[in-house]
Amino acid sequence: MLLSRNTKEIIIKNIFLVIAATSIFIILFIFYFLFSQGIPAFETLGGKLFSNEWSVAKGEFGLGAAIFGTLIVTGVAMLIAVPLGILSAIFLAELAPRKLRLILKPIIELLAGIPSIVYGFIGAVLLVPYLQPNFGMLSGYSYLAGSLILAIMALPIIISMSDDAIKAVPRNFKEASLAVGATKWQTIKKITLPSAISGISAAVVMGIGRAIGETMAVSLVLGNMMEIPAPPFDLFETTGTTLTALIVNQMGEATDIQTSVLFVAAVILFIVVAILSISSNILRERIEKKFKGA
Amino acid sequence: MSKKQKDKMNIEKINLWYNKSQALYDITMPITTNKVTAIIGPSGCGKSTLLRCLNRMNDIIPLCRVEGKILLDNKNIYEKKTDIVEVRKKVGMVFQKPNPFPKSIYENIAYGCRIAGIKNKNKLDKIVEKSLKEAFLWEEVKDRLKESAMGLSGGQQQRLCIARALAINPEIILMDEPCSALDPIATAKIEDLIRELIKNYTVVIVTHNMQQAARVSDYTAYMYLGKLIEFDKTKQIFENPKEESTENYITGRFG
Amino acid sequence: MNLEKIKDSLKKYSSLIFDKENLEIKKIICIFTFIFSSIIAIIGFFSLTNSFYIGDTSLRVILILLAISYIVIIYISIFEIKKRKKIYGILILTIIIFVAAYLLPLLPPNYELRDYEIDATIMKFIINSVFMVIIGVVGASLAMKPLYNYTSKSDEMSAYYVLVVSILLVIYPLIVIVSNIISNGIGGFSWEFLTQDVRKLGTQGGIFPALVGTLLLMIGTALVALPLGLGCAIYLQEYAKKGILTRIISICVDILQGTPSIVHGLFGFAFFVPIFGISVLSGILILGFLTLPIIIRSSEEALRSIPQNIREGAYAVGATKWQAIKTVVLPPAIPGIITGSVLGIGRAAGETAPIMFTAVYFFGAGIPESPFDPIQALPYHLLELTKLIGYKSVEQNAWATALLLLSIVLGMNAIAIIIREKFRVEF
């Protein structure tokens with residue numbers, strides 16, 4: 001086909017435009033579909049969607065217990081993963097000699113690559129049987145197990161992103177601090193860390209996002225019952241579920257209205273993760289602004 | 001006073017390697033107390049590298065190896081047991097590109113003092129004022145000490161960095177091309193500042209600007225490709241250099 | 001690292017410690033206490049994770065020994081180093097150790113938390129182990145301080161110790177997980193395992209159809225996500241004008257990327273399954289949409305890393321936009337694009353939730369004959385086996401499946417990293 005060069009260029013540009021538009025359309029359609037499927041539940045149940053009463057037979061679908069489960073399991077996991085992750089990132093970025101860092105960084109990326117079903121499997125065959133006898137529990141399936149697994153899963157992303165953030169602090173600042181007689185640790189504590197705080201916060205936010213969205217690993221180590229433990233902070237009780245585990249457990253056999261409720265759960269997850277995503281981006285943009293002066 | 005006592009620092013046969021390639025060859029020269037010593041030479045001749053040896057800043061560069069001695073008040077700072085932190089408190093440094101911390105003007109100066117353990121607010125206030133006055137910056141910033149240092153102009157930032165270095169009461173101040181990022185007016189201010197500073201301190205300045213070296217320094221060292229070609233009183237170097245290489249550089253035939 | 005260097009380092013370190021001039025009591029006692037504390041922490045940690053008990057008498061002896069060494073340190077700190085104010089931390093620590101040495105062995109073997117409505121029993125050995133770990137770590141980092149005469153250098157060393165402990169705690173689970181999977185899984189690997197179908201609920205036979213299914217899903221995902229993702233990235237990065245629209249698109253891509261995989265699964269279940277049924281096609285579409293944002297992002301970054309002056313160089317010799325992209329922008333970006341794609345597809349291979357009610361069955365699906373047939377897949381197979389553990393003897397096969405799946409996913413990751421490093425183009 002003998003086309004003029006200009007026409008060819010226009011055709012190619014439009015091909016790419018169509019491809020891009022298709023991709024964006026897919027993304028927007030998914031958003032729309034999720035919301036629309038959740039509407040029937042809202043119309044029928046309204047506010048009762050957020051109560052603690054869950055009984056399929058009676059038609060009561062309160063997501064309260066699942067929301068509680070998601071919050072508590074993510075919260076405890078973060079309590080463990082955030083300090084450990086940030087300290088490890090400081091080690092990796094500032095303390096580790098070059099050769100050690102070359103070995104450790106891929107190892108951390110390896111941890112990030114383990115599929116969640118494998119974590120779930122390990123949780124079920126190693127962690128749960130460990131917890132049961134050692135803590136005198138009825139069975140090891142518990143929020144405690146869920147939190148521990150989630151902590152391990154969130155660590156790699158927190159470490160990796162925090163390491164990037166610390167490494168991104170301009171060398172200028174560190175040198176100026178050393179030149180004034182500060183030790184390396186004083187420099188880290190007073191100059192490097194405060195400068196990296198935006199990046200580290202972004203890392204923590206992404207870690208939270210990962211923990212909240214995790215499905216297979218938690219569903220295999222929780223008690224999977226839609227109730228809040230009594231007392232609520234009893235991490236050892238064999239009960240509980242998260243929004244993600246709820247969806248995956250009930251998806252196959254749900255009635256119409258139940259499926260709609262599951263979509264509400266999905267939308268809640270979706271919105272939360274969206275907010276976390278946007279926050280993380282805002283935080284990372286603040287880093288660029290801060291170092292503009294330097 | 002013997003010649004040795006007049007030397008604040010003595011560089012003795014310093015050799016330096018970055019990984020396998022050698023960057024400094026057998027450098028030996030004195031740094032005279034309360035005088036300005038300038039190190040000049042074309043790009044890449046090793047001036048900054050040599051300067052950074054004087055406060056062991058090269059330690060933070062991986063794969064950098066140093067042999068030889070540098071005597072500060074007759075004590076070798078490259079000995080195994082040397083406390084680097086103490087050395088850096090005695091030998092302050094100002095960098096080529098001004099690098100104030102992203103903190104307030106006050107905090108930038110107080111930082112070094114806090115590190116050293118000084119917490120008393122009155123003491124800190126006095127030190128901040130004294131340092132800013134010594135750096136010819138006090139009048140311009142005395143009403144906005146709490147504002148961010150990042151809001152200052154390039155020349156002001158550099159004087160702030162000088163004040164920051166002065167705050168910990170060093171004995172020697174190293175300056176690595178301090179004016180190369182500044183406009184001529186700011187440069188002139190800093191050159192005046194340097195001549196004032198040597199009343200109380202010893203200054204070593206690296207510069208690629210020959211005229212600056214001629215204006216500001218008492219002694220000059222000319223380096224080329226990692227070797228010290230000639231060292232002498234500044235007047236001698238510029239009016240009557242002994243080496244041909246020196247003469248070629250001074251007269252602008254290269255570099 | 002050759003033998004000469006190791007010998008030199010050893011000489012250097014031993015001379016630091018055993019140098020005749022420096023053979024001070026202070027150094028000996030501090031280093032001894034440091035090592036002893038660390039060993040206590042390690043013993044405590046392994047006791048906690050492997051459930052072995054430490055006898056009462058042994059515990060008492062160890063703790064009292066530790067406390068004595070701290071008393072010596074306190075003595076040295078006061079009289080030799082003459083820093084009285086800084087010893088409060090160590091003083092408190094010593095008191096705690098003495099109290100514990102007396103109290104801990106006296107504890108009852110269990111603490112029934114059920115009296116407080118909590119479903120657990122705290123066993124004595126847990127309390128002992130946790131105590132040992134905490135005291136060991138705190139003690140070791142405090143023991144560093146007198147060694148450097150309580151200057152800022154000693155704070156630095158203490159902090160560094162804590163940092164090292166952190167990284168060790170992070171690596172520990174990884175080592176446990178990987179070593180267990182390899183050692184338990186390798187036994188289940190056999191020709192039979194890899195080539196036969198699932199029999200008797202997975203207690204016998206192999207995983208062949210699941211392996212095939214996973215491979216089909218991976219290929220299909222690549223076919224769906226790569227063209228769409230790469231095309232979208234090229235358009236966004238090279239053609240589109242940067243403005244509010246591209247920002248919104250960027251945010252949408254990020255949001256989709258962060259969306260939990262179960263949400264993708266639910267979407268597919270409600271949207272694709274009614275159309276295509278439970279089929280490999282549904283699975284490919286869902287996984288493709290899941291992987292799409294990852295490929296868009298990584299391709300964008302790969303394109304962005306090509307400096308602008310490369311493009312300008314091409315325009316300057318008369319190239320059109322597309323010619324420039326095809327000849328000077330894409331080629332150096334290809335390694336980055338491949339890396340991102342391989343990582344994305346590897347991740348898709350390991351996903352379970354999106355394919356669960358949309359593409360796979362545990363057994364019976366076999367090798368699909370058309371895109372509308374269902375399949376089996378490794379992640380789902382592992383899931384079902386896990387659920388059967390305890391009821392049927394599927395453990396060996398479960399470990400082997402985990403090992404196989406892990407090998408595939410991590411293998412993909414490794415390939416991606418190797419590609420990234422080998423073909424890295426520096427500008």
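1. A residue is called buried here if 20 or more other C-beta atoms lie within 10 Å of its own, exposed if 12 or fewer do, and partly exposed in between, with the C-beta atoms placed from the backbone. Helices (H or I, at least four residues) and strands (E, at least two) are DSSP runs, numbered from the N terminus. The model is a predicted one, in which local features need pLDDT of at least 70 and side-chain atom pairs count only at pLDDT 80 or more, whereas totals for chains, interfaces and linings use all residues. Residues are numbered from 1 along each chain as its sequence is written, and chains are lettered from A and ligands numbered from 1 in the order in which they are written.

2. Strand β3 of chain B, residues 36-40, is mostly covered, since five of its five residues are buried. V36(B), A38(B) and I40(B) point one way from the strand, while T37(B) and I39(B) point the other way, and all are buried.

3. Which strands does β3(B) pair with, where pairing requires that DSSP finds at least two bridges between two strands? One partner is β8 of chain B (residues 202-206), which runs parallel to β3(B) and is joined to it by four bridges; in this pairing A38(B) stands opposite I205(B). Another is β9 of chain B (residues 219-224), also parallel and also joined by four bridges, and here I40(B) stands opposite Y222(B).

4. Helix α7 of chain B (residues 154-167) has 14 residues, which at 1.5 Å a residue should span 20 Å, and its end C-alpha atoms are 20 Å apart, in agreement with that value; the expected span is 1.5 Å times one less than the number of residues. Because 13 of the 14 residues of α7(B) are buried, the helix is largely enclosed by the rest of the structure. The helix is followed by N169(B), whose phi is positive, near 60°.

5. Two further residues of chain B deserve a look for their backbone angles. N74(B), a residue other than glycine, has a positive phi near 70°; it is found in the loop between β4 (64-72) and β5 (75-76) of chain B, and it is exposed, with 11 other C-beta atoms within 10 Å. F136(B) is likewise not a glycine and has a positive phi of about 60°; its place is in the loop between α5 (121-134) and α6 (138-141) of chain B, and with 17 C-beta neighbours inside 10 Å it counts as partly exposed.

6. Taken as a whole, chain B has 11 helices and 10 strands. Its radius of gyration, taken over C-alpha atoms, is 18 Å, close to the 18 Å that the globule rule (2.2 Å times the number of residues to the power 0.38) gives for 255 residues, so chain B is as compact as a globular protein of that length. The C-alpha atoms of chain B fill a box of roughly 55 × 45 × 40 Å along the principal axes, and buried residues make up 44% of its 255 residues. Two residues are in contact if their C-beta atoms, placed from the backbone, lie within 7 Å; among the contacts in chain B between residues at least 6 apart in sequence, 68% join residues at least 24 apart.

7. Which of the two pairs of chains that touch has the most contacts? That pair is chains A and C, with 78 residues of chain C in contact with 77 residues of chain A. On the side of chain C that touches chain A, the largest share, 18 residues, comes from helix α6 (residues 152-185) of chain C. The residues of that side divide into 54 nonpolar (Ala, Val, Leu, Ile, Met, Phe, Trp, Tyr, Cys and Pro), 17 polar (the others, Gly among them) and seven charged (Asp, Glu, Lys and Arg).

8. The contact between chains A and B takes 17 residues from chain A and 22 residues from chain B. The elements giving two or more residues to the chain A side are α6 (171-179) and α7 (184-213) of chain A, and α6(A) gives the most, with six residues. No contact joins chain B and chain C, whose closest C-alpha atoms lie 9 Å apart.

9. Within chain C, S37(C) has its place in helix α2 (residues 25-50) and is buried, with 26 other C-beta atoms within 10 Å. Not counting residues up to four places away in sequence, S37(C) touches L66(C), G136(C), G139(C), A140(C) and A143(C).

How values were computed
Pairing = 2+ DSSP bridges.
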